[in-house]
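Here is a friendly walk through one fold, written to be read with the sequence and the model side by side. Take a look first, and then we can go from the sheet to the cores and on to a few single residues.

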Amino acid sequence: MSDVVTSINVAVLGSIVFDIAVEIDRLPDTHETILASSAHLSAGGKGLCQAVAARRLGPKVDLIGLVGDDLFGEYLLGVLDDEDIGREHVHSHSAGTHLGIPMITPDGNNRIIGVPQASFAVGPTDLVGTETTLKSAEVLLIQNETPLEAIMATVERVHDQTLVVWNPAPARFSLEEMMSPVFRGRVSWLTPNETEAGALAGIDVVDVESGFAAAQIIRTNWPVVGVVVTLGDQGAVAIEPSGEQHVARPHAVNAIDPTGAGDTFTAAFAVGL
């Protein structure tokens, strides 16, 4: 591991989730009950997953967010300690821990139900005391599982030279909302998947060609930002702020559970840059 990587400070604002993943043969029909073949309990959430991925690559990582004042929250704080992730700015909230319910089918795909609770309670007041952490961060990772007001307040606090990578998942905010003056000159890259890119661009994204088209539409409106569109088993496409285009073909794998794959990608991409 290089000294350059281990000297990086990464700050993450995001969700901290207790996941209950179920493996099912198929999705249920309306009014139908089906039985899952298994269930797995684990830590999750876009904020926590990106923090873990970044930390395992070597940088110092501090997470900002809320857990519930409950057993799930206690468990997640223990996970952060085990992963050696700074949690000085992770507090408990009476709303309850954010829950996630990934439903995984035999083809290796997933559909996820989220119950945001504490994650949607994050606000600017929860950023009190984070100034030193945010000003010293070379990288800031943000996602859409916290309120836009909290994301905005966090971006306002980082250094002008901080690399800000925004994973716009889930697709809760419009491109117009994301292009407010606070974000316009400070966000360096967006990393949507095909669904999120399609929502932002207003087109269907199903392959490399349409991935590039969505990225170009986003950049037509927001020219200074770079865009990476992840395409699952088709890899990813990127357009740099300079306009240079790239295609990354995927490694062939036996897909079992893609939960957290986009978060791992985003964290690794940001640390790599």
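Two strands pair if DSSP finds at least two bridges between them. Helices (H or I, at least four residues) and strands (E, at least two) are DSSP runs, numbered from the N terminus. This is a predicted model, in which local features need pLDDT of at least 70, side-chain atom pairs count only at pLDDT 80 or more, and totals for chains, interfaces and linings use all residues. Residues are numbered from 1 along each chain as its sequence is written, and side-chain values use heavy atoms, with hydrogens and water left out.

**The sheet**

Nine strands form an open sheet with mixed pairing, in the order S5-S4-S1-S8-S9-S10-S11-S12-S13. Its edges are S5 (86-93) and S13 (245-248), each of which pairs on one side only. At the S13 end, S12 (residues 236-239) pairs with S13 in the antiparallel sense over four bridges, and Ala238 stands opposite His246.

Asp62 sits in strand S4 (residues 60-68). Asp62 counts as buried because its relative accessibility is 10% (buried means under 20% relative accessible area, exposed over 50%, partly exposed in between, with a 1.4 Å probe and protein chains only). Its side chain makes a polar contact with that of Lys60 at 2.6 Å; such a contact is a pair of N or O atoms within 3.5 Å, where within protein one must be able to donate a hydrogen and the other to accept it, and residues adjacent in sequence count only if both atoms are side-chain atoms.

**The cores**

A nonpolar core is a set of buried Ala, Val, Leu, Ile, Met, Phe, Trp, Tyr and Cys residues joined through side-chain atoms within 4.5 Å. The largest one has 43 residues, and Trp166, Phe183 and Trp222 have the most contacts inside it. A second, separate core of 31 residues includes Val5, Leu48, Leu80 and Val228.

Helix H5 (residues 148-157) has Leu148, Ala150, Ile151, Ala153, Thr154 and Val155 as its buried residues.

**Backbone points to check**

| Residue | Phi | Loop |
|---|---|---|
| Asp84 | about 60° | between H3 (71-82) and S5 |
| Gln117 | about 45° | between S7 (110-115) and H4 |

Asp84 counts as partly exposed because its relative accessibility is 49%. A cis peptide bond joins Ala169 and Pro170, with omega about -10°, and Pro170 lies in the loop between S9 and H6.
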